[in-house]
Each structure stands twice: as C-alpha cells, then as structure tokens.
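Here is a short briefing on a predicted model. It covers confidence first, then aromatic rings.

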Amino acid sequence: MTKSTWTAARVVRDRDARLCLTAVVISGFGTSALWLVSGVWVKDLTGSDGLAALCMLAMWAPTLAGPLLGTLADRVRRRPLLIGTSLLMAMLLLTLCTVDSPRGLWLLYAVLFVYGAAGVVNDAAESALIATAVDRSLLGDFNGLRTTAGEGVKLLAPPAGAGLYAACGGAGVAVLDAVTFLLATVVYALLRVREERPAPPAGGRRERTAEGARHLWAHPVLRPLVAAGGATMLCAGLSGALLYAVVEDLGHSPAYAGALYAVQGAGSVAVGLLSGPALRRFGARRFAAYGIAVLSVAVALRAVPHDPLAWGCSAAIGAGLPAVLIATLTAVQHETPPPLLGRVTATANTLVFTPNVVGLAAGAALVELLDHRLLLAVLGAALAVTAAALLQRPASAERTASRSPSDANPA
C-alpha cells in the first residue's frame with residue numbers, strides 16, 4: 001500500500017473525518033444537481049437565456065459578502081449552525097414546488113440567493129469544524145479527499161438531476177436537494193465534537209468583520225497563497241470561457257466539451273488522493289506553485305489543435321488547478337486561531353473564488369475580440385509568473401506546519 005493510500009485510509013477510518021466527508025458528498029450532490037437544473041427550469045418557463053443566467057448570479061452573489069457572513073460561523077458553535085442552516089434550506093427548497101410559471105420566478109431567485117448565502121456560512125463553519133474534528137496531521141489528506149469526492153459528485157449529479165428534471169420537473173430536483181440537506185443534518189448530528197461556546201464579541205461589527213482580512217494580510221504564509229489562488233482562479237475563469245473555441249478549433253461539436261470536462265474531473269480526482277503526502281513533502285507554497293506551473297503549461301498547450309494533446313491538457317488542468325485550492329484551505333486551517341477560522345475561511349474564499357466569476361465574464365467578451373490561441377498563450381505566461389512568485393521564498397516552515405508535532409520532532 002502506497003503512502004498516499006495509507007493516509008487516505010487513515011482519514012476514512014477516523015469516525016468524525018468519515019462523517020464530515022459523507023456530509024460534504026451528500027450536500028454537494030444536491031447542490032450540483034440544482035445548479036444545473038435551475039437554469040434549465042427558468043429557460044423552459046421563460047425562453048430567456050438572460051433570466052436563466054441570473055440563477056448562477058443569484059447563487060454566486062453572496063460570495064461577495066463572505067467576510068461579513070463568515071462572522072456568523074465564529075459567533076456560535078459550528079455544529080448547531082450547520083444543522084440549523086441545513087434544516088432552513090431543506091424547508092426553503094420545498095417552497096419551490098409551487099413554482100410552475102414565470103410569475104413564481106421571484107421565489108426561485110430568492111431561494112437561490114439564500115442558498116448561496118447559506119453556502120458561504122456552511123463552508124466557513126464546515127472548515128472550522130473540520131479543523132476541530134479531524135487530526136491536524138490529516139487535514140491535507142481530508143481536503144484532498146474532499147476534492148476527489150466533490151469532483152466525483154460533479155460527474156454524477158448533473159446527469160442525475162437532468163434525468164429527474166425530465167421525469168418530474170424542477171420541483172422533483174428541489175425535493176431531492178431538500179432530502180440531501182436533511183441527510184446532511186443527520187450526519188452533522190452524529191459528530192462527536194466538543195465545541196466551547198464562543199466568547200462574547202469584542203468591538204463593533206465592522207471591526208469583527210475586518211479581522212479575517214487583517215489576519216490574511218498580515219500572515220506571511222497565507223497572504224501569498226490567497227493572492228496566488230485569486231490570480232489562478234482569474235486565469236482559470238478566462239481559460240474556461242475559451243473552451244468552446246478550443247473545441248471548435250479541434251473540429252468537434254460543442255458536446256465534445258463534456259468529454260474534456262470528464263477528463264479534467266479525473267485529473268482532479270487523482271490529485272486529491274495525492275495531496276496529503278504532497279503537502280507534507282513540499283509544504284503549501286511549493287505544492288501550490290507546482291500545481292500552478294502544471295496548469296500554466298496545460299493552458300498554453302491548449303492552443304495547439306490536436307486531440308490527444310487536448311485530452312492530456314484537460315487532465316493536467318484538472319490536476320493542477322485544485323492544488324492551490326487545497327494548499328490554501330489547509331494552510332488557513334493550520335495557521336488560523338479557532339475563534340477566527342470562520343471569518344478567515346470566508347474571506348479567503350471570497351478573495352479566491354470571486355476572480356473566477358470575473359474571469360468567466362471577461363473571457364466571454366474577449367473571445368469575441370481576440371484569437372483564443374493568443375489568449376491561451378498569454379494566460380499560460382501569467383500563470384507561470386504566478387507560480388514563479390510563489391517559489392521565491394523558502395517553504396521549510398510550511399512543510400513543518402503541515403506535519404503533526406511528532407512528524408516535525410521525530411524523537
């Protein structure tokens with residue numbers, strides 16, 4: 001058994017880690033299904049592409065308020081918060097069973113907006129709870145397995161949601177998602193995590209909200225990782241918007257993009273299994289930098305219209321992109337005091353993932369104005385610069401931080 005398999009098996013054998021992973025998979029399945037179906041639902045009701053696109057905007061918009069929403073995860077105990085928000089979303093999703101005409105779209109958008117806000121809170125609370133429930137030496141392995149499970153869910157949930165939508169309509173998918181929230185609630189309730197009641201808040205709301213950003217900015221390990229993560233996701237969004245131009249250059253129909261996405265998902269599954277040992281060996285900064293370097297080469301080579309190369313590039317993108325995300329989340333969990341972890345996680349997620357949406361929008365405009373091959377070459381170079389910047393400083397301290405105390409001090 002390889003070392004990566006052994007550490008992954010340790011995560012799965014740990015009861016609380018296994019339950020946390022189960023909750024992530026269950027809730028992720030429902031979210032992925034609804035993410036696809038909501039736009040199709042609106043398109044069928046109205047015939048409008050613009051109104052369908054607003055579904056994604058409604059779910060993404062609360063991410064911008066991450067620093068504010070993350071304070072909630074630090075004000076109360078995390079496990080009851082996860083249970084409460086999951087129950088709330090289960091009830092709200094059931095109200096979508098009444099949406100059967102364009103007049104009910106306001107309710108769909110409102111539920112999707114609350115869904116996005118609850119997702120921000122849940123991500124922050126979940127990250128903080130995992131840092132408490134999972135052995136610190138296994139956090140990298142857990143986050144890698146979480147990526148592997150998430151990518152696997154993304155391959156299965158959309159077709160399952162589409163099939164259910166065809167059979168039962170949007171209400172059927174809403175009920176499915178509500179059931180996944182209820183199941184996640186049961187899993188959270190089974191966790192054996194002792195949480196101290198948070199201390200009464202000190203200072204004003206604005207000051208408490210800004211604490212997460214101040215911690216990230218002042219921390220020598222987290223600041224460069226979050227900055228690199230944001231730059232990488234900006235480039236990834238721009239590159240993702242060029243995918244259909246790449247497919248057309250290959251001489252295939254747009255449906256061919258589905259095959260490339262599947263290969264990319266397989267690459268993400270593989271790197272998720274290897275991330276724990278890689279973090280212990282290289283440290284967060286170097287692991288992220290190596291992933292970005294792989295991504296830079298793959299994005300640039302997508303400009304070459306060659307089918308086997310396109311498949312290889314997709315697998316490399318799937319392997320390279322999650323590295324910086326896993327490294328950043330694990331470093332945040334290691335380097336942040338528990339009372340701040342909700343705010344810091346939410347702020348980091350805002351800074352890392354918002355540029356992806358900006359990149360998608362900018363890429364959709366640029367692909368109409370410039371040759372996609374030139375854009376891919378420029379993006380590859382920008383990613384290479386990002387990777388090189390992360391490698392400028394030694395990573396020995398991060399390697400030590402990512403290990404358990406016994407690993408760092410082999411007595």
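**Confidence**

Helices (H or I, at least four residues) are DSSP runs, numbered from the N terminus.

- The chain averages a pLDDT of 83, and 90% of the residues score at least 70.
- Residues 395–411 have a pLDDT below 50; beyond near neighbours in sequence, this stretch has 22 contacts in the model (heavy atoms within 4.5 Å).
- Where pLDDT is low, the predicted coordinates should not be read in detail.

**Aromatic pairs**

- Rings of Phe, Tyr and Trp (its six-membered ring) pair if their centres lie within 6.5 Å; planes under 30 degrees apart count as stacked, over 60 as edge-to-face and the rest as tilted.
- The count by this rule is two aromatic pairs.
- Y115 and F181 have ring centres 5.6 Å apart and planes at 75 degrees, so they pair edge-to-face.
- This pair links distant parts of the chain, 66 residues apart: Y115 lies in helix α6 (residues 105–133), F181 in helix α8 (residues 170–190).
- Both Y115 and F181 are buried (under 20% relative accessible area; exposed is over 50%, partly exposed in between; 1.4 Å probe, protein chains only).
- F282 and Y290 have ring centres 5.2 Å apart and planes at 85 degrees, so this pair is also edge-to-face.
- F282 is partly exposed at 22% relative accessible area, and Y290 is partly exposed at 34%.

**Charge over a ring**

- The charged end of R223 sits over the ring of W217, 5.3 Å from its centre (NZ of Lys or CZ of Arg within 6 Å of the ring centre and within 35 degrees of the ring normal).

**Basis**

- Residues are numbered from 1 along each chain as its sequence is written, and side-chain values use heavy atoms, leaving out hydrogens and water.
- In this predicted model, local features need pLDDT of at least 70 and side-chain atom pairs count only at pLDDT 80 or more, while totals for chains, interfaces and linings use all residues.

How values were computed: Helix = DSSP H or I, 4+ residues; strand = E, 2+ residues; numbered from the N terminus. pLDDT = per-residue confidence, 0-100.
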